[in-house]
Amino acid sequence: MGANGSPASELGSCFRSTNLSTTLSTTLSANLSEKLIVSRWFSTAFGSIGLASNLFALCVLVSSSRKMHSRARSSFLIFLCGLVVTDFLGLLVTGTIIISYHFTKFNWMVVDPACYLCNFLGLSMVFFGQCPLLLGATMAGERFFGINRPFSRSTSMSKRRAWFMVGLVWAFSFSLGLLPILGLGDYTLQYPNSWCFITLLHDPKNVTFCLIFALLGILAVGLSFLFNTVSVVTLCRVYHDREPVQRRRDSEVEMMVQLVGIMIIATVCWLPLLIFIIQTVLQAPAPGLLPRQIPRQTEEMLLIYLRMVTWNQILDPWVYILFRRAVLKRIYPSLKARPSIVSLYPMLNPSLRRKLTQESVLQ
């Protein structure tokens with residue numbers, strides 16, 4: 001029987017064998033390392049630092065956007081703003097539920113027997129997890145075409161189109177998060193019963209959704225790496241180009257430094273979790289487990305990798321805060337503006353080069 005007097009079989013699908021046994025019993029003693037992993041102060045500190053960092057970065061972004069006249073830079077700031085808002089809301093929404101559990105130790109079977117709250121938390125974890133990866137890939141792609149194909153479009157991406165792209169990423173991530181609620185896999189309560197996430201079981205539906213989630217994240221990181229690598233090589237050519245141009249600017253370099261920083265953070269924080277998910281669902285299940293039970297070691301490793309992912313939301317805003325030209329010039333005073341990307345194409349006729357350069361000034 002559940003804690004509310006109803007049979008366990010009548011509970012929602014978010015409860016697994018391990019959850020039933022631990023929720024119905026009193027809290028067991030834990031060793032020092034386990035207490036550290038599940039510490040409420042750990043979650044509270046991470047959430048508070050992340051919220052403060054993203055709020056500070058959002059204020060800096062709003063201030064910078066008011067002074068920005070370059071359309072290319074303005075659209076890039078919109079993508080950054082979308083990323084910061086996503087990270088801030090992700091920490092706020094998920095942290096409110098998770099930290100509330102740590103301080104109150106509420107019984108999920110009483111509070112949420114039908115799994116509505118758990119499904120909402122699981123959807124939020126997927127949505128706010130995939131959005132930064134997909135936004136990073138979108139930003140890298142936009143900069144790739146802006147740097148390597150400057151003459152393929154007469155103007156840079158408008159603010160309206162940039163916001164549309166951000167909205168498209170949000171809509172896609174939300175649709176992805178709806179799949180388990182619609183029947184492709186399950187969101188289940190995860191150790192130590194404070195959060196809900198995708199289920200690392202070996203039934204076909206859960207395996208399918210886990211692979212979709214992990215492979216999509218790896219694809220986003222891979223595209224970011226590919227686009228950013230080519231763009232950095234292109235900018236290195238600009239850096240060493242000695243041909244005089246009408247206007248010299250280093251905004252492309254600044255944006256690429258920030259993009260590479262975001263990519264490195266996402267790679268370090270997310271790849272271990274994504275690889276772990278793939279390895280877990282593809283390997284043979286451990287013998288002797290109850291139905292819908294996950295080994296405790298797997299649950300603990302999943303929690304540790306989640307802690308690493310949280311650093312992504314904390315560090316992302318500092319990439320923009322610290323890697324701005326105003327800050328970099330204080331650290332490296334000899335930093336000078338570099339030639340515009342147009343200087344890479346000496347074969348363009350002078351009138352077209354003049355047109356592109358004038359447009360870059362107006363943007």
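Predicted model: local features only at pLDDT ≥ 70, side-chain atom pairs only at ≥ 80, totals over all residues.
Strand E1, residues 187–190, pairs with strand E2, residues 195–198, in the antiparallel sense, over four bridges. Four residues lie between the two strands, and in this hairpin Asn193 adopts a positive phi near 70 degrees.

What does Phe197 touch, if residues up to four places away in sequence are not counted? Its contacts include Tyr187, Thr188 and Gln190, and also Met125, Val126, Phe213, Ile277 and Leu302.

I turn now to the aromatic pairs. In general, such a pair is described by the distance of the ring centres and the angle of the planes. The count comes to twelve aromatic pairs. In one of them, Tyr101 and Phe106 have ring centres 5.3 Å apart and planes at 90 degrees, so the pair is edge-to-face. Tyr101 counts as buried, at 9% relative accessibility; Phe106, at 18%, also counts as buried. Tyr187 and Phe209 form another edge-to-face pair, with 6.5 Å from centre to centre and 90 degrees between the planes. This pair links distant parts of the chain, for Tyr187 lies in strand E1 and Phe209 in helix H8, residues 204–240, with 22 residues separating them. Both Tyr187 and Phe209 are buried.

Next, the helices. Helix H6 runs over residues 116–148 and has 33 residues; from first C-alpha to last it reaches 47 Å, close to the 48 Å expected at 1.5 Å a residue. Is H6 largely enclosed or largely open? Of its 33 residues, 29 are buried, so the helix is largely enclosed by the rest of the structure.

Finally, the annotation. An unreviewed UniProt entry places the feature "transmembrane region" at several stretches, including residues 76–100, 120–141 and 302–323. Over residues 76–100, the model is 100% helix and 0% strand, with the end C-alpha atoms 36 Å apart. Over residues 302–323, the corresponding values are 95% helix and 0% strand, and the end C-alpha atoms are 32 Å apart.

Thank you for your attention.

Terms used:
Residues numbered from 1 in each chain as written. Heavy atoms only, no water. Contact = heavy atoms within 4.5 Å. Pairing = 2+ DSSP bridges. Expected span 1.5 Å × (residues − 1). Buried < 20%, exposed > 50% of the residue type's maximum accessible area, 1.4 Å probe, protein only. UniProt positions renumbered as here; feature names shortened; annotations may be inferred. Phe/Tyr/Trp six-rings, centres within 6.5 Å; stacked < 30°, edge-to-face > 60°.
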